Amino acid sequence: MKMLKIVALTATLIAGVSAASASPYSNMGSIEALNAIQDATGATVLSLNSNEAISLMADNDAATVQARIQNNKWLVDTIERQGYTVDQIIGATGDRNSLTLYAL
């Protein structure tokens, strides 16, 4: 019985680590995304709930993301065509060819 508990606990810990590392809001992804914003010609905009936004804001600086987007007219057009404004964007992930922007 004790062995089963150890196996179950180990599996739970491994699943938790995998889920944490699979977060789309990882800090390293944000750095690459910030660099991609200036060159990207399109992006997908996803809406976040408040819990997701809190997680994202820990890894992204919304003011920096918004400032970089303002300097890219193609992204501004893409965001507006999807029904959002630049002020609603609070983070980004991906690269130049698969940029995802997150709106609140």
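The exercises below work through the fold, the sheet, a helix and the cores of one predicted protein model.

Residues are numbered from 1 along each chain as its sequence is written. Because the model is predicted, local features need pLDDT of at least 70 and side-chain atom pairs count only at pLDDT 80 or more, while totals for chains, interfaces and linings use all residues, and side-chain values use heavy atoms, with hydrogens and water left out.

**Exercise 1. Outline the chain.**
Task: State how many helices and strands the protein chain has, and in what order they run.

Solution. Begin with the count, which is 5 helices and 3 strands, where helices (H or I, at least four residues) and strands (E, at least two) are DSSP runs numbered from the N terminus. Reading from the N terminus, the order is α-α-β-α-α-α-β-β. Next, turn to burial: of the 104 residues, 33% count as buried, a term that means under 20% relative accessible area, with exposed over 50% and partly exposed in between (1.4 Å probe, protein chains only). Finally, consider contacts, meaning heavy atoms within 4.5 Å: among those with a separation of 6 or more, 72% are between residues 24 or more positions apart.

**Exercise 2. Describe the sheet.**
Task: Work out the strand order and find which strands lie at the edges.

Solution. The sheet is open, has 3 strands in the order β1-β3-β2, and shows mixed pairing; two strands pair if DSSP finds at least two bridges between them. The edge strands are β1 (44-47) and β2, each of which pairs on one side only. From one strand to the next the twist averages 30°. Strands β1 and β3 run parallel and are joined by 4 bridges, and V45 has L101 in β3 as its bridge partner.

**Exercise 3. Examine G91.**
Task: Determine whether G91 is buried or exposed, and which residues it touches.

Solution. G91 is found in strand β2 and, at 0% relative accessibility, counts as buried. Not counting residues up to four places away in sequence, G91 touches L56, N60, V65, T100, L101 and Y102. The C-alpha atoms of G91 and Y102 are separated by 5.2 Å, although the two residues are 11 residues apart along the chain.

**Exercise 4. Trace the nonpolar cores.**
Task: Find which members of the largest nonpolar core touch the most other members.

Solution. A nonpolar core is a set of buried Ala, Val, Leu, Ile, Met, Phe, Trp, Tyr and Cys residues joined through side-chain atoms within 4.5 Å. The largest has 18 residues, of which I69, I79, I89, L99 and L101 touch the most other members. Two or more residues come from each of α2 (27-37), α4 (62-70), α5 (73-81), β2 (89-93) and β3 (100-103). Apart from this core lies another, of 6 residues, among them L48, A53, A62 and I90.

Notes
Axes are lines fitted to C-alpha atoms, for helices over the stretch in contact, and angles run from 0 to 180 degrees between N-to-C directions.
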